Amino acid sequence: KIYFSMMYSVFWLNQTMYHLVSIFLHFAITVFLFLILKKIFKDNVLSILSVILFIVLSGHHEAIFWISSTGFLFNAFFALLSILSFILWREKKKKIYFVISIISIIFSLLFHELGVIVPLLIILYDRIFGEKSTFKEAKKNYISLLLPLLPYLILRFFANSHWFSGDYSYNLLKLPYNVVGNIIGYVGLDVLGPAS
């Protein structure tokens with residue numbers, strides 16, 4: 001809401017500026033994705049092909065074209081920045097990258113609740129692709145990454161927000177049907193586009 005308030009005070013209802021921000025964010029997300037994939041694949045061609053696939057998939061159109069979906073783009077921007085900063089911290093051993101990673105986790109949480117998975121993604125990346133260390137050795141770093149979640153979850157608790165939404169909070173027996181339905185829907189969206 002702060003983002004929209006700032007944009008409104010500067011650009012009023014000029015939709016072009018809102019769309020330019022969305023396009024810039026999508027471009028930046030694509031760059032971050034390429035840099036992360038390059039670290040994982042260690043191959044420019046495979047990284048470029050993956051990013052091209054990301055750009056052309058129709059599932060992202062909604063987040064780019066709908067101004068109200070800008071929070072998703074900011075969330076993805078800060079999530080990928082956090083992961084990339086963590087990777088750079090592991091490689092270069094400069095604490096500034098670790099600080100940027102934690103700050104990015106905080107900003108991702110400010111834009112969308114999906115930010116709660118960012119520390120988990122970083123830990124997963126580190127366990128699979130990172131330096132081989134015991135979990136006990138890495139525990140201090142992992143706790144630091146998870147710390148921003150604590151105040152966020154406390155604030156959500158005191159705000160009486162929903163911890164789960166939709167059918168998941170009412171009937172866990174419907175969860176498998178929702179999972180299968182979502183998989184079919186999203187695969188159809190990716191393969192056939194919005195017409196699906």
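Is Ser 85 buried or exposed? This tour of a predicted model begins at that residue.

**Stop 1: Ser 85**

Please select Ser 85, which lies in helix H5. Ser 85 has a relative accessibility of 4% and therefore counts as buried, the cut-off being under 20%. Next, display its contacts beyond four places in sequence: these are Tyr 97, Ile 100 and Ser 101.

**Stop 2: Arg 90**

Remain on helix H5 and select Arg 90, which also belongs to it. Arg 90 has a relative accessible area of 15%, so this residue too is buried. When residues up to four places away in sequence are set aside, Arg 90 touches Asp 126, Glu 131, Ala 138 and Asn 141.

**Stop 3: helix H7**

Select residues 118-129, the twelve residues of H7. From its first C-alpha to its last, H7 reaches 16 Å, close to the 16 Å expected at 1.5 Å a residue.

**Stop 4**

Turn to the second largest pocket, with a volume of about 380 Å³. Its lining is selected as Lys 1, Ile 2, Tyr 3, Phe 4, Met 6, Gly 71, Phe 78, Phe 107, Leu 110 and Phe 111. Helices H1 (2-11), H5 (70-92) and H6 (95-111) are the elements that each give two or more residues to this lining. The largest share, four residues, comes from H1. By residue class, the lining divides into eight nonpolar, one polar and one charged.

**Stop 5: helix H10 and Gly 193**

Finally, select residues 175-192, the 18 residues of helix H10. At 1.5 Å a residue H10 should span 26 Å, and its end C-alpha atoms are 25 Å apart, which agrees. Just after H10, centre the view on Gly 193, which takes a positive phi of about 85 degrees.

Methods:
Residues are numbered from 1 along each chain as its sequence is written. This is a predicted model: local features need pLDDT of at least 70, side-chain atom pairs count only at pLDDT 80 or more; totals for chains, interfaces and linings use all residues. Side-chain values use heavy atoms; hydrogens and water are left out. On a 1 Å grid over the protein atoms alone, a cavity is a set of points where a 1.4 Å probe fits but cannot get out, and a pocket is an open set with protein on both sides within 12 Å along at least five of seven lines; lining residues have an atom within 4 Å of a point. Grid points are joined across faces, edges and corners, and a volume is the space filled by probe spheres set on the points. Ala, Val, Leu, Ile, Met, Phe, Trp, Tyr, Cys and Pro count as nonpolar, Asp, Glu, Lys and Arg as charged, and the others, Gly among them, as polar. The expected span of a helix is 1.5 Å times one less than its number of residues. Buried means under 20% relative accessible area, exposed over 50%, partly exposed in between (1.4 Å probe, protein chains only). Contact means heavy atoms within 4.5 Å.
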